[in-house]
Structure formats: structure tokens, C-alpha cells
Amino acid sequence: MAMCVEDRISSFPDPILCHILSFLPIKQAVRTSIISTKWRYLFASLSTIKFDAYSMSDLTDRNVDSFKNFVDRLLKSPDQVRLDCFRLSHMICSWNDWNDGDHDFDISGWICSALCRGVKEIDLQLSYREDILPAVLFTCGSLVTLKLDAVGHNFEFPSDVCLGNLKTLHFRDSFFGDSVLRFISNCHVLEDLAFFECDFYNTSVINIQTPSLKRFILDFNLGEFADLKYVVVINAPNLVYFQYTDVVAQGYTLSTMKSLEKAHIKICGVDTIDSQAIAAHLIQGICNVRSLRLTINEGIF
């Protein structure tokens with residue numbers, strides 16, 4: 001005699017089921033549609049949409065257009081719920097074999113669709129492609145978190161940029177001029193700012209004037225851009241965590257950081273400047289810190 005097993009999960013309210021599905025890769029979430037009629041369209045109500053390498057693993061020339069159309073329908077349907085998170089990986093954005101004019105992925109259009117659905121977090125891992133980011137991305141009032149991993153991308157931000165609710169802003173593997181500093185100054189509630197392995201070109205001053213900032217990371221490749229000449233200016237009186245990895249800059253101007261609890265400093269000297277005096281000035285600027293992890297190469301002292 002067959003045992004009858006009660007399906008308790010399907011009795012959960014739809015919002016709970018959608019929350020459970022949000023932890024699955026999108027491919028697995030779609031497959032739940034065959035469980036029963038109740039599950040058939042649940043995946044279309046996901047508030048978290050992530051496309052990664054796993055989503056692309058079975059794509060061929062025959063089904064790539066079907067995948068593209070599926071993403072278009074999933075994001076652009078007028079009856080969709082608000083999005084909490086939209087994420088694209090390198091695999092989607094750099095798939096040159098199919099991004100050839102015949103099978104173009106409308107990445108800019110997908111981003112716009114996510115913005116139209118009031119997305120709170122956008123995490124984009126982009127390959128080297130210019131003009132892929134729509135201008136509306138930098139004036140979206142719903143964004144709270146923006147993470148851009150754009151290998152080799154040269155960012156130029158529009159002058160009217162304003163993200164009034166943005167609290168977390170992370171960049172990786174990108175190039176910046178002065179426009180990024182104007183962008184940051186227009187993010188009035190920013191709390192978490194990070195640059196990982198980025199390069200500031202034609203910039204004499206890295207000037208961060210953000211009183212709301214609580215966490216700040218400048219993590220560059222030591223020695224890779226040792227010939228850069230800039231001064232670091234930080235006015236962030238409410239900073240709690242500070243991480244800095246780079247060669248010694250031309251100078252440092254740090255406002256009093258009375259709230260600073262933890263700092264991680266890793267610096268190395270260069271022969272063209274007085275690294276010892278400038279490094280000492282940097283350390284003096286964070287003298288109120290409660291916990292300090294300091295790594296300095298022997299060339300400084």
C-alpha cells in the first residue's frame with residue numbers, strides 16, 4: 001500500500017514560497033513550475049532575480065534565443081512584483097559567441113526593466129563593454145545597493161546623477177576620473193563605499209566628502225600604479241571601518257574620525273617621495289581607532 005505524504009510546503013502562502021524560491025538558481029526555480037498548478041507561475045513573482053554561469057551552462061546556438069526571450073518576459077511583464085535584487089554575472093555580459101548582433105542580449109534593457117520594478121539592489125559583473133549602463137541607473141530613487149564589477153571599464157558619470165537612497169556603493173576592476181567623486185558627493189545617505197583594484201587617472205585629489213559614510217575601502221594593487229600622483233582627502237567623521245591598501249600617496253588629509261573602531265592599513269613606499277613622513281601622517285589621521293591592523297614594507301621605515 002502506497003504511503004500518502006502530505007504536501008505541507010504547497011500550503012504556504014505565495015509570498016513565503018517565492019521567498020524560498022529566491023534562494024535557488026533561476027533555472028531550478030523555473031523547474032518548480034511542474035510541481036502543481038499552484039507552482040506553475042510562482043517563479044514569475046520572484047523578488048530576487050540572479051543570472052549566473054549556472055544559468056548559461058546548457059545554452060547552445062539552438063536555445064540561446066529562447067533563453068533571451070525568457071529573460072525578456074520575466075523582467076518586462078507589466079504585472080511583476082517589485083524587485084529586491086537583480087544580479088548579472090560575467091558569463092551573461094561577456095558571452096561574445098552569442099552577443100554578435102543576431103543573438104544580442106539586451107542587457108541595458110534588462111537593467112532598465114529592473115529599475116522600473118523599483119529594484120533595491122543591483123549587482124552587475126560586466127566585461128569590457130562601453131555604453132552598457134543606461135543613464136537612468138544613476139538617477140534611480142529606489143536603489144539602496146549598487147555593486148559594479150566592470151573589468152577594464154572607464155566610467156564617466158553624468159553631471160545630474162543623484163541616488164537619494166543609495167547606502168552601499170562598490171566598484172571593482174574599473175577606471176575613474178573626477179566624475180566619480182562628484183557622483184559620490186551626490187549620494188547623501190551613503191554609508192558603505194568600496195573601491196577594489198581600481199585606478200584613478202588624471203586625478204590629483206581623491207576627495208571623499210561624505211559625512212554619512214560608516215565604511216570605506218580603498219583597496220588597490222600594491223605597486224601596480226606606483227607612478228600615480230594624488231592626494232587622499234577624507235572627510236567622514238562618522239566612519240567606523242577604514243581599509244586602505246596602496247602605495248603611499250602624495251599626501252593625506254583626514255578629518256577627525258572619533259567614531260573609528262577598526263582600520264586595516266597596508267602600504268608600501270616609493271622612492272620619489274618622503275614615504276616615511278607621509279605614512280606617519282596617515283597613521284596620525286586615524287589615531288582614534290580602537291583596533292588597527294598595520295602592514296608596512298621595510299622600505300618606508
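**Entry 1**

I looked up Asp173 and found it in strand E5, residues 168-176, where a strand is a DSSP run of E of at least two residues, a helix is a run of H or I of at least four, and both are numbered from the N terminus. I note that this is a predicted model, in which local features need pLDDT of at least 70, side-chain atom pairs count only at pLDDT 80 or more, and totals for chains, interfaces and linings use all residues. Residues are numbered from 1 along each chain as its sequence is written, and side-chain values use heavy atoms, with hydrogens and water left out.

Asp173 is not a glycine, and yet its phi is positive, at about 55 degrees. I reminded myself that most residues other than glycine have a negative phi. Is Asp173 buried or partly exposed? Its relative accessibility is 22%, so it counts as partly exposed; buried means under 20% relative accessible area, exposed means over 50%, and partly exposed lies in between, with a 1.4 Å probe and protein chains only.

I then turned to Glu197, which has a positive phi near 55 degrees and is also not a glycine. Glu197 sits in the loop between strand E6 (192-196) and strand E7 (199-200), and because its relative accessibility is 37%, it counts as partly exposed.

**Entry 2: the sheet of E8, E10 and E12**

I traced an open sheet of 3 strands, in the order E8-E10-E12, with parallel pairing; two strands pair if DSSP finds at least two bridges between them. Strand E8 (205-209) and strand E12 (251-254) each have a single partner strand and stand at the edges, so one side of each has no neighbour in the sheet. Neighbouring strands of this sheet are turned by 5 degrees against each other on average, direction ignored, the axes being lines fitted to C-alpha atoms (for helices over the stretch in contact) and angles running from 0 to 180 degrees between N-to-C directions.

How many bridges join E8 to E10? I found 5, and the partner of Val205 in E10 is Val231. Strand E10 (residues 231-235) is joined to E12 by 4 bridges, and Val233 stands opposite Thr253 in E12.

**Entry 3: helix H4**

I checked helix H4 (residues 64-76), whose 13 residues reach 18 Å from the first C-alpha to the last, close to the 18 Å expected at 1.5 Å a residue; the expected span is 1.5 Å times one less than the number of residues. The buried residues of H4 include Val64, Phe67, Phe70 and Val71, and also Lys68 and Asp72.

**Entry 4: Asp274**

I located Asp274 in the loop between strand E13 (262-268) and helix H8 (275-285). Its relative accessible area is 49%, so Asp274 is partly exposed. Which separation did I note between the C-alpha atoms of Asp274 and Gln250? They are separated by 8.7 Å, although the two residues are 24 residues apart along the chain.
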